[in-house]
Structures are given as structure tokens and as C-alpha cells.
Amino acid sequence: MFQRLFSQRSVRLSRFFHSSSLVMSRGLEPSSRVAHFERDVWSIFSPLAIETNAINLGQGFMNFGPEPFVQEAANAALKDPDANQYSHPRGRIRLRKALADSYSKELGRALDPESEIVVTAGANEGIFVIFASFLNEGDEVICMEPFFDQYIPNITMNGGVPTYVPLRTPSYASERNISAREWRLDINELRSKITPKTKFIVLNTPHNPIGKVFTEEELIAIGDVAEEHDLIILSDEVYDRLFFPPYTHLPRIASLKNFWNRTLTVGSGGKTFAATGWRVGWIIGPENLLNHCLAAQTRIIFCVNSPCQEAVAAGFEESLKGDYFQKQIDDYSSRYAILSEGFDKLGLPYTVPEGAYFILANTSKIQYPKDYPFPAILDNRGEDFKICYWLTKEIGVCAIPPSEFYEPAHRDMAKYLARFAFCKTEDVLHEAVKRLQALIPYIKN
């Protein structure tokens with residue numbers, strides 16, 4: 001069911017990218033904001049997974065639903081006439097209060113639900129809102145590679161210009177497992193990207209696709225650079241409730257020094273409560289910044305769907321009473337153990353995540369047949385696209401090629417990487433590990 005729905009979306013995207021290449025009259029030409037978009041990785045691999053009956057560990061959607069208490073709250077909201085009407089552009093007060101109660105503890109400050117929280121249509125729309133609120137034509141945004149691919153169109157559609165600084169791995173990453181902590185940001189390289197046009201630094205922790213949790217020391221170094229150059233920090237923390245030992249809490253840049261005053265933190269109800277299709281997210285930040293976000297939000301979508309806001313609010317209310325988030329961490333730790341053991345048996349190195357639900361596997365030992373007939377659509381794509389295509393079609397497990405998360409000049413950094421998501425039920429992960437054993441004849445040490 002889940003894969004079929006994603007296939008329908010991806011087929012529509014595929015048709016869009018095909019039709020956009022046709023000759024159009026001037027009156028029907030698309031704007032420059034969208035005309036340059038290429039066919040994205042999702043519209044290639046999601047349909048392929050369906051066509052080949054592969055297990056889709058590429059996209060980060062769950063094949064299980066929210067906890068019963070969250071689903072019950074959604075059902076109750078659908079029966080409440082008020083909860084089916086427009087919400088305040090800031091978001092429903094129940095959700096804002098629940099977020100304030102939860103995040104006040106996380107950020108070490110008493111959040112005002114009336115002025116320091118705006119509910120958005122998913123985290124992605126929240127990021128779009130932030131850029132729409134502050135970017136002028138030509139303003140620059142520093143993104144750390146690899147990045148969530150939606151950052152780039154969110155920047156360019158609002159007149160911004162992305163610039164890039166890569167997180168770098170140690171030289172032995174292709175030979176043995178490394179910790180996500182070993183992906184390092186060179187703070188001097190970050191500084192070197194700053195120009196008079198720079199407006200933002202984008203931070204993602206826990207990081208997709210690496211699984212890196214930035215330490216307080218790293219966050220302070222980034223924040224100091226932002227303060228030195230008077231930049232806004234966009235902290236994408238959509239996986240903020242999913243981190244693994246030895247972490248017992250997530251270091252947050254908005255809680256350190258005076259960085260709150262320039263930080264907009266983005267969160268996700270979909271990631272937090274296994275409801276990615278509900279499209280409920282939020283922005284947390286100081287009133288003087290958030291007021292501009294509210295102005296943009298009101299004119300982009302006006303408000304977020306009301307019943308799902310009520311359900312996410314119920315989720316946070318319940319989490320404050322017990323150990324919901326710890327149970328979620330325990331469940332994901334078990335899922336991670338299943339998939340990582342599969343790579344261990346194959347002798348394929350990978351990055352051990354500190355948070356989120358992805359494993360970046362190193363594929364340099366895999367040798368697919370040299371004469372394998374790849375489709376023309378991969379001609380201008382990197383080696384990782386070919387490996388992931390072959391894995392999907394011949395091994396029956398779909399992974400995502402992460403060169404999509406790099407600027408063209410740096411895509412070779414992901415040449416031998418593949419992203420696998422373990423946000424699936426344990427039976428699906430066991431079956432994926434079983435299928436991956438078919439790689440053994442193709443692995444060369």
C-alpha cells in the first residue's frame with residue numbers, strides 16, 4: 001500500500017519532468033524558478049522499487065502507523081466540528097501549548113506559545129517559509145554536504161543562492177566502520193564560504209543521511225561564526241527525538257550561549273510520530289524573527305490541517321507523561337541492529353549513526369557486471385546511481401544514491417555510498433537482509 005502510493009506520486013513526477021522537456025510557446029513557458037529542475041532521485045527509484053518488487057529502504061517513510069493513542073486523537077478530531085475548520089495561522093493552540101511544554105525543557109527556556117512557535121505544513125514547508133521570510137534576490141545560504149535535497153529548491157525559489165561546505169570522512173572510511181561523529185566540519189572552510197551576501201547557515205542534527213549528532217563544541221563553533229558575521233541559523237532538527245547511546249539528550253544550538261536570538265529551529269510531527277503524510281511541522285524561535293515567518297506562512301498556505309494538529313498535540317501531551325520517546329529509541333535501536341548486522345555479515349563498511357534512521361553503506365567492494373545494461377537516464381549520473389539501480393533491480397533492495405545530496409563539483413564524494421532507511425518493521429528488515437546475502441558473489445576484497 002505505502003509503496004503503491006509513493007509509486008503514483010513518482011510516476012506523476014516522472015511525467016512532469018518528461019513533459020517539461022517538450023517545446024512550448026512563450027506564453028506557456030515555465031518560470032525560471034522551476035524550469036531548471038532536473039528529474040529527481042525519488043522519481044527514478046520509487047517507481048523502480050515498485051516495478052521490481054524490491055524492498056524500498058530508499059525513502060524514509062514508515063510502513064507502520066502512529067501509536068494507537070495518536071490515531072485515536074486523530075479520529076476524535078475528525079468528529080469535532082471545530083477541529084475540521086480553519087486553524088489560526090500560528091497553529092492550533094492545543095498543539096502550540098504542547099510544543100511549548102515539551103521544548104521548554106529541551107531548550108532550557110520558557111517558550112511562549114503565542115509568539116515563539118508557528119505550526120507549518122510539515123518541516124519542509126517550514127523551511128520554505130523561513131527562506132521566503134528572509135531571503136532577497138542573490139542572498140547566499142551555506143549548506144553542509146550532504147544535504148537534504150529539498151533545501152536547494154527552497155532556497156532558489158526564494159531568490160537565494162546556495163553555497164556548500166562538505167562534511168568530510170577519514171581516509172579509512174572505505175575500509176572499516178566509522179562513527180557518524182567522524183564526519184567532520186572544517187570550521188575554517190565554513191568561514192571561507194562567507195561573503196557579504198551570506199544570510200544563513202543551515203544546520204541539520206541529527207543529520208540526514210549521515211546520522212551525525214553535532215556536539216556542543218561543534219555547535220558553539222558554528223554559532224560563533226554566525227554571530228561574528230551576523231547570520232541567521234536554520235537548525236533542521238526533524239529527527240530530534242531519535243538519538244542513540246551514549247547520547248541521553250540532543251545538543252541544541254538554540255540552547256547554547258546567545259544563539260537563541262538568531263536561530264530558527266524546525267521540527268516534524270511526521271518523523272516524531274510515524275505520520276509523514278500528515279504534514280505537520282513547526283518553527284520555534286525568537287518573536288522578532290518568527291513574526292516574519294508568520295507573515296509568510298499566512299500568505300503561503302494560511303493554516304495547517306486542523307485534525308492532524310490535534311493528534312500531534314495529543315502525542316506530545318502523552319510523551320510528557322511517560323517514556324514514549326525512550327521506547328521509540330529502543331524500537332529503532334532494534335531495527336538498526338538487524339540491518340547493520342546484515343552489512344557486517346557482508347563485510348561492507350558503513351557509518352554508525354548517532355541519530356535519525358539511516359545507514360550510509362560503503363559500496364566500493366561491490367562489483368556489478370561490467371556489461372550491465374543501465375538505462376540512458378543514468379548516463380549523466382554518478383556511480384552511486386548505478387550501484388543503487390543494480391541493487392534495486394537485481395538484488396531486490398532499494399537504496400538511495402546520496403550524490404543527489406551534493407553539489408555537482410562534490411558528487412564524487414558519494415561515489416561509493418548508498419543510503420538505507422531502517423524506519424521499517426523488523427520483518428521487512430529481516431527480509432531485506434536476507435535478500436542482501438545475494439551480494440556475496442559480487443563483493444571483492
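Buried, on this tour, means under 20% relative accessible area, exposed means over 50%, and partly exposed lies in between (1.4 Å probe, protein chains only). With that in hand, select Thr 215, which is buried because its relative accessible area is 15%. Before going further, some ground rules.

**What you have open**

This is a predicted model, in which local features need pLDDT of at least 70, side-chain atom pairs count only at pLDDT 80 or more, and totals for chains, interfaces and linings use all residues. Residues are numbered from 1 along each chain as its sequence is written, and side-chain values use heavy atoms, with hydrogens and water left out.

Colour by pLDDT, the predictor's confidence in each residue, from 0 to 100. The protein has a mean of 93, and 94% of its residues reach 70 or more. Now pick residues 5-20, where pLDDT stays under 50. Where pLDDT is low, the predicted coordinates should not be read in detail.

**Stop 1: around Thr 215**

Return to Thr 215, in the loop between strand E6 (198-204) and helix H9 (216-229). Helices (H or I, at least four residues) and strands (E, at least two) are DSSP runs, numbered from the N terminus. Show the contacts of Thr 215, meaning heavy atoms within 4.5 Å. Leaving aside neighbours within four places in sequence, Thr 215 is in contact with Arg 181, Tyr 247 and Pro 251.

**Stop 2: helix H5 and what follows**

Select residues 93-107, which form helix H5. Its 15 residues reach 20 Å from first C-alpha to last, close to the expected 21 Å; the expected span is 1.5 Å times one less than the number of residues. Buried residues of H5 include Leu 95, Leu 99, Tyr 103 and Leu 107.

Step just past H5 to Gly 108, which takes a positive phi of about 70°. Then move on to Ala 110, in the loop between H5 and E2. Is Ala 110 buried or exposed? Ala 110 counts as exposed because its relative accessibility is 72%. Not counting residues up to four places away in sequence, Ala 110 touches Ser 104 and Glu 116.

**Stop 3: two cavities**

On a 1 Å grid over the protein atoms alone, a cavity is a set of points where a 1.4 Å probe fits but cannot get out; lining residues have an atom within 4 Å of a point. A volume is the space filled by probe spheres set on the points, which are joined across faces, edges and corners. The structure holds 3 cavities of 30 Å³ or more.

The largest cavity has a volume of about 60 Å³. Among its lining residues are Met 62, Asp 240, Arg 241, Lys 271 and Tyr 357. Helix H10 (269-272) and helix H13 (324-346) each supply at least two residues of that lining.

Next comes the second largest cavity, of about 50 Å³. Select Met 144, Pro 146, Phe 147, Tyr 151, Val 202, Leu 203, Asn 204 and His 207 to see its lining. E6 gives the most, with 3 residues.

**Stop 4: Ala 399**

Finish at Ala 399, in the loop between strand E12 (397-398) and strand E13 (417-421). Ala 399 counts as buried because its relative accessibility is 0%. Its C-alpha lies 7.8 Å from that of Gln 59, 340 residues apart along the chain. Apart from residues up to four places away in sequence, the residues that Ala 399 touches include Phe 45, Gly 58, Cys 388 and Phe 420.

Definitions and conventions. 1 Å grid on protein atoms, 1.4 Å probe; cavity = no way out; pocket = protein on both sides within 12 Å on 5 of 7 lines; lining within 4 Å.
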